Amino acid sequence: MADSTNVLGTPSKTAGMKVTAAHLKRDAFLYVRQSTLHQVLQNTESTQRQYALQQRAVALGWQMDRVHVIDCDLGQSGASAADREGFQQLVTEVSLGRAGMVLGLEVSRLARNSADWQRLLELCALADTLILDEDGLYDCNDFNDRLLLGLKGTLSEAELHFLRARLRGGILNKARRGELIGPLPVGLLYDEAGRVRLDPDQQVQQAVRLVFETFRRTGSAFATVQYFHQEGLQFPRRLRTGLHKGELTWGDLGTWRVLQVLHNPRYAGAFFFGRTRTRTGLDGNQRTQLVPREDWLVLIPHAHVGYITWEEYEENQRRLRESAQAQGAERRKSPPREGPALLQGVVICGVCGRRMTVRYHERQGRLYPEYVCQHDVVNHAGRLCQRLPGQAIDAAVAQLLLEIVSPVSLEVALAVQQEIAVRQAEVDTLRAQQVARAQYEADLAGQRYRRVDPNNRLVADALEAEWNAALRALQAAQQEYERFRQKGGLIIDEEVRAQVMALSTDFPRVWNDPHTTDHDRKRLVRLLIEDVTLIRTHVVTLQVRFRGGATRTLTVPAPCPIGQRWAIAPEVIQAMDALLNEHTDQQIATILNERGLHPGKGGAFTNSIVARLRRIHGLKSRYERLRAAGMLTVEEMAQTLAIDEQTVKAWHKAGLLRGYAYNDKNCCLYEPPGPDAPAKCQGRKLTQRRRFTEPEFVSERL
Ligand SMILES: [Zn+2]
């Protein structure tokens, strides 16, 4: 059509007239594509036709070896230019002015996407590149041809759209009736008639029911996982793809899996469609988004059998929403990036390779970080992988940073940089010489071509080809030269050098400045460090990876077991043992401090240290000792005397009963009352009935 008259009735140039010497000087590119691998294998005939186009190009005057075939996109979809290397190569060739003609079976199929297609047309017009397909030859600078090509592209895109719409329309119609056959979650199956049934496998049914029952009982997905884990139960999964598609496998239940089951309306016997939406991103990758329930395309409750009722499903959703809010709100309470843990977000577990999280412990008003690997705990109710106290680790990393960002180390770095710059200058000279040489060759070839008799076509053509080759070599050399210049242009001058050195002396000042917040320090860490891998053996090893790939290994002493940390003289333990007969933990701490004794690493005794030492060294607590001596609890006393517990305490306070404090909150155990037990005696004041006086705790110093 484009060859004789076109749609608008105006005469168009014939094919022969469109091809000029300027076109023939450049190469022709044949773009071969089949959408799918299936087509590549089955539709060989079309591939044959595509290669046959090569002959058309030869007929128009191109030499066979100057018709290049671009076929690396075989098996790629034409819907987007992203990821289609061949198409991109084609565009590059056209835009560099190296293509005299572009060939394709149906050229509009070069790009199924109108934007890509229009861009190619625009480039072809600018570079004066012809387009050839089975229908004819087009010149993009010719208005009629351009119009026709544009239409072809639009039609091609429309065709794709109709194809999809027809497909999707059919799917939607079926979905609206709830008859669309889609993948069912484990526990549900289609029978021969295409109806949804519970899986006849009783084990599968029980596992699914147990998930719902446990959630009903506990109200938490995590607790459900914990229960399965404690009981050693597994959960089924039906393989959706691969060699064993359709087969059933059993594995550990994870939190995400429980959530998947709870959120899936099909377990409540409801049919749904359009719960997710797929979008293609700029990079050509597809992303799946969840759609809010109001916007689902189809939702039919009571469509088939299920494991729970629709009402229970709704209730589950409500509970999950609530706990999600609670979690979210809780998280918002403590700002995520606060706290002193220097390595928050950059620590990696050296055992399992997962990211470690930070926990804080508060002791005497200060926060102490701890790095924990708890992925398995959260997701599978498993065990803590490893936990490491953060203080020493943070200190080691801070020390490393101060060392690395020091004037000396930067001096070395700058010297290396300078050395590289000198090398670069040498290489630069070499490359410049290469360009000069290519220029000389090209000039020579040009002269030879100009000198030859133009009527001697055979020689002229050969010389022209030679000249072209020389020019191409020159262009390549120039491009290479430019590329390297841009890449290696980092020569540091004195001014930059001074700035860098100033920064290095500033760094320790900034780091140690009390006005620098934890948050700022963490930002500094993140600027310099990619990640830190922690692993604990007899020491804690820190593998620090800096931005840019340099690594450093540090070690800090492993935290020793608590008993060793409080390594303590045996006589202190003996003294404690003796004191426990008479005193509470706090009183013992006071007495030991007064005697000038110290717990292992120095400092003073506190009630909690005494309690901990007592447990470590297996000393009987004061409570146990008093009980062993036959003392009664407040309940037992109340029972014995047939009075209430408040009266027991009141009588003890008034001195009618003898009691001994077993802790520092003045909780007491009582001496059995004996034969002359006090009895209720209305009318007499308790103070007048006092029988015992309580021994006051007097410290030894007095
Ligand atoms: Zn781990």
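Trainee: In this predicted model, why is Asn-666 called exposed?

Mentor: The relative accessible area of Asn-666 is 56%. Exposed means over 50%, so Asn-666 qualifies as exposed. Asn-666 sits in the loop that links β21 (659–661) and β22 (668–670). Its phi is positive, about 65°, although Asn-666 is not a glycine.

Trainee: How do you know whether His-302 is buried or exposed?

Mentor: Buried requires a value under 20%, and exposed a value over 50%. His-302 has a relative accessible area of 59%, therefore His-302 is exposed. The loop holding His-302 runs between β13 (298–300) and α11 (310–333). His-302 also has a positive phi, near 55°, and is a residue other than glycine.

Trainee: What makes β14 and β20 the edges of their sheet?

Mentor: The open sheet has four strands in the order β14-β18-β19-β20, with mixed pairing. β14 (347–349) and β20 (551–557) each have a single partner strand, so one side of each lacks a neighbour in the sheet. From one strand to the next, the twist averages 25°.

Trainee: How do you know that β14 and β18 are paired?

Mentor: Pairing requires at least two bridges. Three bridges join β14 to β18 (residues 529–536), so the two strands count as paired, and they run parallel. Within this arrangement, Cys-349 stands opposite Leu-534 in β18.

Trainee: Which strands does helix α13 touch?

Mentor: Helix α13 (residues 390–404) packs on the sheet and touches β18, β19 (539–546) and β20. The direction of α13 makes about 140° with that of β20. Helix α17 (residues 518–528) lies across β18 and β19, at about 95° to β18.

Conventions:
Residues numbered from 1 in each chain as written. Predicted model: local features only at pLDDT ≥ 70, side-chain atom pairs only at ≥ 80, totals over all residues. Heavy atoms only, no water. Buried < 20%, exposed > 50% of the residue type's maximum accessible area, 1.4 Å probe, protein only. Axes fitted to C-alpha atoms, helices over the stretch in contact; angles between N-to-C directions. Contact = heavy atoms within 4.5 Å.
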